[in-house]
Amino acid sequence: MSAFGPLLRSLRQSAELTIEELSHASGVSVRAIGDMERGVSRGPQRRTVEALAEALGLDDGQRAGLAAAARAGRPRTAGQSPNRPASYGLPRGLGDFVGRTAELELLSGLGRAAAEDGRTQVAVVHGPGGVGKTTCAVRAAEQLAEAFPDGQVYVDLRGVDPEPMASPEALRRLLLAVGQDPRAIAEDERERSRQLRDILAGRRYLVLLDNAADEAQVRPLLPGDGPGMVIVTSRRALGGLDDVVRIPLNPFSPQESADLLHAVSGDAHGAAGGTEAAETARVARLCGHLPLALRIAGTRLASRPAWTMRYLAERLSDEDRRLANLAVGDLGVEASFALSYLALPEQAKECFRRLALVPAVDFGAPVAAVLTDVDPEAAEDQLDDLVELGLLQHEGADRYRFHDLVRLYAGRRLSEEEPAEARASAERRMTDWLLETATRAGWWFDDDGGTPPPDEDALVRLGTADDARSWLQVEKESWLAALRLAAAAERDEQVARLGEAMRWYAANTQYWSDSWLEVFGLTRAAAARLGDRHRELWHMNRHVWALLAVRRTRGNEAVQEGVERAMEVYRLAEELGAVREQADAVCNAAEGWRVMADVENTLWCYSRGRELAEAAGYHSTYYWASSGTAVGLARVGRHDEAVETYRALLRTIDELPALSAAAEHSRTFAVSGLSGALITTRRFQEAVEVGESALARTVEQDNGWTSILHWALGRAHAGLGATEEARKHLVRTIELAEEEGTWRVEALGKVRDLLADLDAEDAG
């Protein structure tokens, strides 16, 4: 009769299955199958054999042969339980162990405390699959050997197997390990637990309970008072256990990753500088700094002397093959993740798979709810299941993210377990929701649209502009990606509507200039396909605005292109009689001319824009053109004309029955500019009056204009010789500017220079 291990390997190879594939089909862990094939485990239990036979598709004769080989591998000796393992010692430690310094120090401290105080210490080392929990726990046990002279006991609780070890069986094994007569072991679980506590009460044992499933499995195994220590490892945090120290394990730091790669791969790939160090860092990054992945990568290098770090990095760069490349022998990153995945409820499995569709690094529960078509509460429960098993990381503030390798695994499961139609439907549902929510958020900043109506049925409640702003910022990566997908699919109405909703929000977030250039480029193309020329002109103007906004990163070439396109839009709008679009286009051109210091064209364009906007009753662009005219006049030294232009604009705004957001913005800008022009012409008292009146209206909100008003008042008071008042406003300028982070260093330096001058005058 063939031994069980060789027979199993032969049957698996005949079925053309890898160990990982057999594990996935049978529900038996990769580790267990590997132990069987290597002869470490020679007589698996009946239900395990049946699961393997079913997955292999064996006929009756083959099943009988496999079962007989398993029975033959279960030796019985006098006085020994048939299922008693040969040894309860620790697994073999690793000679190339690196990292985990802080965690080992904490475990060592707990061990010393148990030995000194006579009070059992319990530590739960938890983290996702592949993070090195068992390796760390074994290392700690080795370092604590002298502190526990009565022995060290190890039991693998098989927590991620389809059938984890039952607590009564674990208790039986522990009792045998600490010397209990097999004939005296109680049948009742509670009585066995009491027996274990009694034996350990006065002994210095270290118990390592590896791979725990949950609190219910572990709780009966914990000893009472005594000088011992228990280390539990689990993919879960086991939050229901009381009076334990939880030690989370995270992926390695870049330096620890490099150290492990070099330690495992050997001298041929030892630490080096320059290119080699950069390629080592690249391999570590592609491994997600996960210890199991790093160890496999190092092993592949060690077993293939012709390979280099660069070659390995190139192989791992292929996302479709990365998980396959991170497998060696019976070890595999994918197989490790599979153990957690198989332990999930079906709905959580679906959630896990579909989260691979999220286009952003992190995400919230509403996206999960949309992808799985469940209510938010159910989505949160599913996300909690994923976090609990280490398949997701909780980022705080209700945000979640994948480890890079886990995301790849989720994508594999999605493509293999769900039909293309289901995947496409889930992705379309997600992108539609992201774009609809982004559009709804954008309208909060529309100058003419008023307050958007409440949406009681929405997954995300946007009750205020602050809510809308926060959502747009947090979900920026996701809704931008959704826009790209919708544009590629030519869902043009949806794309154009988002661009139209974003006009004023974009104006308030010009520091996103590269993103807005992409957004309005996509919406311009969508509007062109819709065939409405007036609408297309609107989007062309927004795209020109974005071109001018990227000048800080792309230089004058973008500005020149922006001016040319602006004048092109101006001519097209003139042909169509689209007066509003003409006004916006010529004002865009004026912005470009102003940047290029062409005063004549700047003033002409702003003047023309003001005429057109006034004729069309287009208030927001009228404010824009008037402010721009005043700025242009001030820059060429025509300060008195600039003062009059600012005052005329303020009079126009004051005559309005109600102020829009654009009017309020323009008022503050005009007051700031007016104050500066008055200071330049040494009309300090007028500048103080204008500035203090405006400051009373702003009520010191968190915006850049408030700090600018304080700066103007500081200069005006300094001009009047009111040193203390000047100092008060200058100090407040610095405080607000540092809070906002919107002032350039050189601009803030001018404020400090003026403060220093005032201090010097006082000292003199």
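**View 1. Where the charges of the protein sit on average.** The 89 positive and 119 negative charges have mean positions 5 Å apart. Residues are numbered from 1 along each chain as its sequence is written, and side-chain values use heavy atoms, without hydrogens and water. Keep in mind that this is a predicted model: local features need pLDDT of at least 70 and side-chain atom pairs pLDDT 80 or more, while totals for chains, interfaces and linings use all residues.

**View 2. Histidine 403 in its loop.** Look for histidine 403 between β10 (399-401) and α20 (404-417); helices here are DSSP runs of H or I with at least four residues, strands runs of E with at least two, numbered from the N terminus. Histidine 403 counts as buried because its relative accessibility is 11%, the cut-off for buried being under 20% (1.4 Å probe, protein chains only).

**View 3. The neighbours of histidine 403.** Leaving aside residues up to four places away in sequence, histidine 403 touches Pro251, Cys287, Gly288, Leu290 and Gln393 (a contact means heavy atoms within 4.5 Å). With glycine 288 there's also a polar pairing: a polar atom of the histidine 403 side chain lies 2.7 Å from the backbone oxygen of glycine 288.

**View 4. Stepping back to the whole protein.** The C-alpha trace spans about 110 × 70 × 55 Å along its principal axes. Buried residues make up 51% of the 764.

Definitions and conventions
Buried < 20%, exposed > 50% of the residue type's maximum accessible area, 1.4 Å probe, protein only. Lys, Arg positive; Asp, Glu negative; His and termini not counted. Charge placed at Lys NZ, Arg CZ, Asp CG, Glu CD. Polar contact = N/O pair within 3.5 Å; in protein donor to acceptor, adjacent residues only side chain to side chain.
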